[in-house]
Amino acid sequence: MTQTLQDMATSGRMEIRDLSITYRKPKSDEVFTAVDGVSLTIEKGSFVTIVGSSGCGKSTLLLAMAGLIPKASGVITLGGLEVTKPGRDRAMVFQDASLLPWRTVHGNVRFALELQRWKRDDIDERALRYVRMVGLGAFADYHPHQLSGGMRQRVNIARALCVDPDVLLMDEPFGALDAQTREVMCDELLRIWERDKKTAVFVTHAIDEAIFLGDRVVVMGRNPGHVRDVIEIDLPRPRTNAMLDSAAFVEYRRRLREYIAADLAALQMVEALV
Amino acid sequence: MTAITSTQGTVAGEGRTFLFKRYYRPIVSTLAVLGFLLLWEVAVTLGWVNGRFTSQPTQIYRAALVIFAEDDFGWHCGVSFVSFALGFAMALAVSIPLGLYLGVSRWGRLFLEPPLMALYTAPRIVLLPILIVWLGIGLASKVAIVFLGAVFPIMVNTMAGVRGADHRLATAARAFGATPMDIFLKVLVPGSLPAILMGVRLGVGRGVLSVVIGEMFVSEAGIGHQIMTYGQALQFSKLLVYAFTISLFGYGLTVAVRMLEDRIRNWRPSS
């Protein structure tokens, strides 16, 4: 019953207010603050990218949105309902190595449907439809180790989309890919996303990727992880590779680089003091 | 888009060498065995070694004919097989669930790991005198000793398989709303299947060893009993007929498990 109510109420708008996340360091009582006082609104149907140097808490923030880690304080709501645990309204794309190696491409996509208890009669067909959508129709019976990194990430995306989530959460999905494959995958991801414009949150440390994909880029800084700025990306859609060299793009890139360089400089100063 | 690596790398061979390249493993192995048998035969015939104590392939062959004709060979094998099968089945029934449990439960490990490890490393044969007092001379003691021989390698490997499972897979499953039972059944169990089968393979060896040792001491029949009897009578040819029989059985079963392992391992990157 609650499930149906939740389904009706979800609208894909995500609100984060004063979110803090702490870890207790193993084997000591020291508490480490990974994310501190983050507030963010992610509009329904928008593509938001989160960028920052490593260790700025961007992945932690995403895991909290997925409901996979506990919050120290603050609230995350999706469609007005508080996020406390993983739910059918969200799906996650991981960096790599999150496909079951003993299942085929088709079996891995089907896995998500099985876990969400979709009706048995049509999950095979539905899984296959999404395998085809990401261009892997000919590889449905392959095992993950037989695929390239880019193909594995296509499977990951298909797995996340097939459960029809309101929000798609992506944790550096192209982080392990080479530069060329990355570009192809970005184009591909946008092509798929433009179809039904699900709310998308995409974490990356690659500045170009963040600008190219996002309607808005959230810049995070470290120690502790916080939001430094949110930049609206005013580039038309569909995005094309030609835009990478446009004056606007270059300007966005310059601004983001400054932020990240400042962040790293601050870190080096801290390290020099210690 | 990208290169696809093939699992079954076909051996690129040409003409005559093709057959050899493809089948060189069984060919070389067979030749090695035949060569050894030939050397053995010749060594005895030429008097390099004393055939009274080493026997000889042809003598063993003649002994085998005698044993098949007059020794109730089938019955002895049956007795051994029943002890092995019962003990091994019980070992499977206990070790796999227990290993899976210990793999996921930290408290279970804290309580049970030290005594189980002590038993795993200790030679279980020292328990035989106690088992005889508890269970008497006969089937029950033999089943118990097979059980004790096979249960630990399977359990330890199962536990290691579950503990070694990639936690990122469990996290991914959890992100899609997997229940703890989903994670157990769909991530941990299939993920540890190769380790479980490796344990089963090791368990086969231990179980076969145990049934023979058990029968040497606590049985009126069976392969181990016959080996002991012919050993005391210095009839080594007959002894070796039984020794080969049990070896063949253990080897066959090991190969069968290995084939099963290869089958379920086809998702693994070939190394």
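Two residues are in contact if their C-beta atoms, placed from the backbone, lie within 7 Å. The legends below describe views of a predicted model.

**Figure 1. Contacts and burial in chain B.** Contacts between residues at least 6 apart in the sequence of chain B are considered here, and 71% of them join residues at least 24 apart. Chain B has 271 residues, of which 34% are buried.

**Figure 2. The helices of chain B.** Eleven helices and zero strands make up the secondary structure of chain B. Read from the N terminus, the order of elements is α-α-α-α-α-α-α-α-α-α-α.

**Figure 3. Domains and dimensions of chain B.** Domain 1 of chain B covers residues 1–54, and domain 2 covers residues 65–267. The centres of these two domains, taken over C-alpha atoms, are separated by 29 Å. Along the principal axes, the C-alpha atoms of chain B fill a box of roughly 70 × 65 × 30 Å. The radius of gyration of chain B is 24 Å, whereas a compact globule of 271 residues would have a value near 18 Å.

**Figure 4. The open sheet of chain A.** Six strands of chain A form an open sheet in the order E6-E7-E8-E3-E9-E10, and their pairing is mixed. Strand E6 (90–93) and strand E10 (226–232) are the edge strands, each pairing on one side only. From one strand to the next, the twist averages 20°.

**Figure 5. Strands E9 and E10 of chain A.** Strand E9 (residues 216–221) of chain A runs antiparallel to E10(A), and six bridges join the two. Within this pair, Val219(A) of the view stands opposite Asp229(A) in E10(A).

**Figure 6. Helix H5 of chain A against the sheet.** Helix H5 of chain A spans residues 149–162 and lies across E6 and E7 of chain A. The helix runs at about 175° to E6(A).

Figure 7. Phe174(A) sits in the loop between strand E7 (167–171) and helix H6 (179–196) of chain A. Is Phe174(A) buried or exposed, and why? Phe174(A) is buried because 26 other C-beta atoms lie within 10 Å, and a residue counts as buried at 20 or more. Leaving out residues up to four places away in sequence, Phe174(A) touches Gln153(A), Arg182(A), Met185(A) and Glu209(A). Asp141(A) is 33 residues from Phe174(A) in sequence, and the C-alpha atoms of the two are 23 Å apart in space.

Methods. Residues numbered from 1 in each chain as written. Chains lettered and ligands numbered in written order. Predicted model: local features only at pLDDT ≥ 70, side-chain atom pairs only at ≥ 80, totals over all residues. Helix = DSSP H or I, 4+ residues; strand = E, 2+ residues; numbered from the N terminus. Rg over C-alpha atoms; globule rule 2.2 N^0.38 Å. Buried ≥ 20, exposed ≤ 12 C-beta atoms within 10 Å, placed from the backbone. Domains from an automatic or database assignment. Pairing = 2+ DSSP bridges. Axes fitted to C-alpha atoms, helices over the stretch in contact; angles between N-to-C directions.
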